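Open the model in your viewer and keep the selection tool at hand. This tour goes stop by stop, saying what to select and what is there.

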Amino acid sequence: MNPARANILGRIRTALQTDSAPPVAPSASAPFAPVTNPAETFRAEFLAQRGEIITDLPAFLADFPKVASDVDALPGNAGIHEADLGVTGCECLIAQTGTIVVSTRAISVLPPVHLVIARPDQLVPDLADAVALLRQRDDGRWPAALSFITGPSRTADIEKILVMGAHGPKRLAIHIG
Amino acid sequence: MRLALFIPCFVDQLYPRVGIAMVTVLRRLKLDVEFPAAQTCCGQPAFNTGYWDAARPLAQRFAEIFAGYDAVVSPSGSCTAMVRKFYPDLGVTPPPTFEFAEFLVKQLGVTDVGAKFPAKVTYHDSCHALRELRLKSEPRQLLAQVRGLELVEMDQAETCCGFGGTFAVKFPQISYAMDEVKCHSIAKTKADYVVSADSSCLMQIGGYLQQHNPGVKTISLAEILAAT
Amino acid sequence: MSASSQFLDAARQKAGDLRHRAVIQKAIGAYDAKVAEGKARFTDWQNARAIAAGRKWDAINHLDRYLEQFERTVIANGGQVHWAEDSAQARQIVLDLARQRGVRKVVKSKSMVTEEIHLNDALEGAGIHTVETDLGEYICQIRGEPPYHIVTPVMHLTKGDIAQTFHDKLGTPLTDSAEELTMIARARLRQEFVTADMGITGANFLVADTGMIAITENEGNARLSFSLPRIHVAITGLEKIIPRFEDLALLWPLLSTSGTGQSLTVYNSLVSGPRPGGEFHVILLDNGRTRLLADAEQRDALHCIRCGACLNVCPVYKNIGGHSYGTTYQGPIGSVITPHLRGTQEWSHLSYASSLCGACTDVCPVKIDLHHHLLHNRRNAVRQQFDNPLQRLAFRLWLWTMQSPGRYRLAGKFAALAGHLGFKPPRHFPMPTGATFRQWWAREQTHGGPASPGGPSVPARPGPSTSARGDARTTGHGGES
């Protein structure tokens, strides 16, 4: 048996025989203000992050000949490598930060445009709520991958200049129906 | 109250005027002050360089010399921080020691000391005063009451001037670069004076200004408060 | 050449490099503005830091328990956990896995730990084509340079520098557009993602109770790295552990705000198992972290979430840049932990290359006592007698002098004499003149009235012709000397 594990845990236990003082306890003051109008807030944050809100779905889809989809109501016609557009559902939407939580892998990151089909009842006010919802729903059988997506892919590695679509989708769109 | 003066070694040797100014202001406020002549150094140079065993005897000495006073006042944020915040690390209980601006505003509740200094000044937040003693508004409250004085804030007020004691000796190029950044920030304010609670910072800043921008002068907070 | 002399050389050079200084100041100026906006989104930033500090304290001070829990849950979810005591073991685990699975090509997302263990060289040495996919890291890889900053790898380069690099190494036309340069990288790397056998990522957090690794990024290259290749290997320091899934609700915004000023980084992913038909491996790396853990005084340095805020605020870092440090972790956190990870004797100099201004401690989102740990490292170096013996002697002499007011006064007189004889200290610093505060006080006590030594009488008056301050030597208005 590889001794590394035993050695490391042994060193940890020995180290922790000496106590270190805990930091000053925090107050009950919450880090963030409560979100009072989730729908408005989601819209504002999502747009601020350069997301696109799609009301006319057929018009939007008309621009994309090759679509990969895991949404039954919107069947695809291409694989993820050829698709211009990836369509997925979502686990929930977070108003505080305009975030979409998905449990998909490549289909929501490989195609250059990502469209999310969501329902209004999937919206929760803040991150803490989203985490609580996922815990309640998925604890014990977590999806192998979850991604909290806040806007399209971007980088500012070059002189802090913002460029969209570094590797992931250049455009992130949502249709809440 | 029994009030003692703690005059750091470099103020005593290089900038006696700063200590004299502090005494002038305290007397103007009708306070009796004593100067225990046995004092030498708080031990900070040794402590900061890692020689805690060399600093400890000086800390013990300091505690003995200043025992029995209600307050010890010093015109130096860094030396005050050494005594109040770091003497416990050496196992020495410090006497109640205050930086000058802190003493006036927080202990005496005084912001107007009857000073007059018609000039445009900018304030440099010395690191120990700002971050160890948590002094930010106190010097500014005092300056706000100085007649004729116009205070302009520099954009890098809280950025270290680069002195850092032995740091300036061991890493002179880095120290110089930091000094230059600070002095550029000062120049942008077009102030006539840069003022601080720490003479070591003013020495560092003054060194650069004297060479590159002699139109801007350095002055301690104590000297401004003593001016009438 | 010792690490310390290399550092001195590099720092000296960079400190005088005004172009470098201007580039970094511009980048960090932009960062500062964004972070100010980001902090304003918190109703109580200071308390948020206090909460986070408490969560990380819990994690680190029960590290064995949480690591075991993490291992159990990862395995239950279908992943594998490996333990590596040092860089060599970590590299070997990856190489063995790659060999056993016939891996020919690896895509990597940004991971400081993989820098720390020099993984790329080992993979290339074994004939495995290894591609950095984070844009900044990709540029570093092409240039053959280490990353300059733990969050922004090419902060020190201009658009022009990068365009020239792409032109020289990839044969692409020179361009002035950051967008075009990014698209060049995107197109090239797309091919790599699709054909790689193994994706190697780091981890920003390890969630003990749900057995997940959390990966934070803006570009999407990490998601592609763990989604497309068959095998996903995550290499991580064992201190990245957090107790609960719920802790992410605060730690993610703290990381994004301190790291870049964003409300949240674009992609915060949680991986708890392999992709269908694939494998998921987590390698937990010690490499000196348990030494830091054993130092109860500095244990909180293990709370670090690698946000980079301390680098960005440090006036030393901003003047000497990341490469000068000559080691994986730069800036204040690097200076604090490197003696523990790599040896006190060779790496204490970084703890001395600081004015102890404390700005780092103020910005740290998890409240690590950074600048005091620099002091602790200095004390430790002296205690272990890694100091210069001449310096040790100098301080003994200094202590002896300061223990007597008489000797102290005498020393002052000697310095004044040296000054009068023409000895000039560097940087226009003044020399003592012999006129001291205590002389003034003594005279005043005996003569019962104020007298001023060698200068215009206090109070000072402002005005262009009066040197209200000046160095004591140049005022020369008579009086005692």
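Before the first stop, one term: two strands pair if DSSP finds at least two bridges between them. Keep in mind, too, that this is a predicted model.

**Stop 1: the sheet in chain B**

Select chain B and look for its open sheet. In what order do its 4 strands lie? The order is 2-1-3-4, and the pairing is parallel. Strand 2 (33-34) and strand 4 (97-99) of chain B are the edge strands, each pairing on one side only.

Now pick strand 1 (residues 3-5) of chain B. Strand 1 runs parallel to strand 2 of chain B, and 2 bridges join them.

**Stop 2: two domains in chain B**

Colour chain B by domain. The domain assignment gives domain 1 (3-107) and domain 2 (116-226). Their C-alpha centres lie 21 Å apart.

Where they meet, 27 residues of domain 1 are in contact with 22 residues of domain 2.

**Stop 3: from chain B to chain C**

Show chain C alongside chain B. Here 58 residues of chain B are in contact with 55 residues of chain C.

**Stop 4: chain C by itself**

Hide the other chains. Chain C has 24 helices and 10 strands. Its C-alpha atoms fill a box of roughly 95 × 55 × 50 Å, taken along the principal axes.

How much of chain C is buried? Buried residues make up 56% of its 481 residues. Turn to the contacts in chain C between residues at least 6 apart in sequence: 71% of them join residues at least 24 apart.

Now select Ile241(C), Leu251(C) and Cys310(C). Of the 272 residues in the largest nonpolar core, these touch the most other members. In soluble globular proteins, nonpolar side chains tend to be buried together.

Stay on Cys310(C) and ask what surrounds it. Leaving aside neighbours within four places in sequence, Cys310(C) is in contact with several residues, among them Gly331(C), Pro332(C), Ile333(C) and Cys360(C). Val363(C), Cys364(C) and Leu370(C) are also in contact with Cys310(C).

**Stop 5: from chain C to chain A**

Bring all the chains back. Of the 2 pairs of chains in contact, which shares the most contacts? Chains A and C do. Across this interface, 71 residues of chain C are in contact with 57 residues of chain A.

Highlight helix 3 (residues 45-61) of chain C. Helix 3 gives the most to the side of chain C that touches chain A, with 8 residues. By class, that side divides into 36 nonpolar, 22 polar and 13 charged residues.

Strand 8 (residues 145-149) of chain A runs antiparallel to strand 9 (residues 267-271) of chain C, and 5 bridges join them. Select Ile149(A) to see Tyr267(C) opposite.

Chains A and B are another matter. No contact joins them, and their closest C-alpha atoms lie 15 Å apart.

**Stop 6: strands in chain A**

Follow strand 8 of chain A back into its own chain. Strand 8 pairs with strand 5 of chain A in the antiparallel sense, over 3 bridges. In strand 8, Ser147(A) is the bridge partner of Val102(A).

Now select strand 5 (residues 99-102) of chain A. Are its residues buried or exposed? Thr99(A) and Val101(A) on one side are buried, as are Ile100(A) and Val102(A) on the other, so both faces are covered.

Last, select strand 4 (residues 92-94) of chain A. Strand 4 pairs with strand 5 in the antiparallel sense over 3 bridges. Ile94(A) has Thr99(A) as its bridge partner in strand 5. The hairpin of these strands has 4 residues between them, and in it Gly98(A) takes a positive phi near 65°.

Conventions. Residues numbered from 1 in each chain as written. Chains lettered and ligands numbered in written order. Predicted model: local features only at pLDDT ≥ 70, side-chain atom pairs only at ≥ 80, totals over all residues. Contact = placed C-beta atoms within 7 Å. Nonpolar A, V, L, I, M, F, W, Y, C, P; charged D, E, K, R; others polar. Buried ≥ 20, exposed ≤ 12 C-beta atoms within 10 Å, placed from the backbone. Core = buried A, V, L, I, M, F, W, Y, C linked by C-beta atoms within 7 Å. Domains from an automatic or database assignment.
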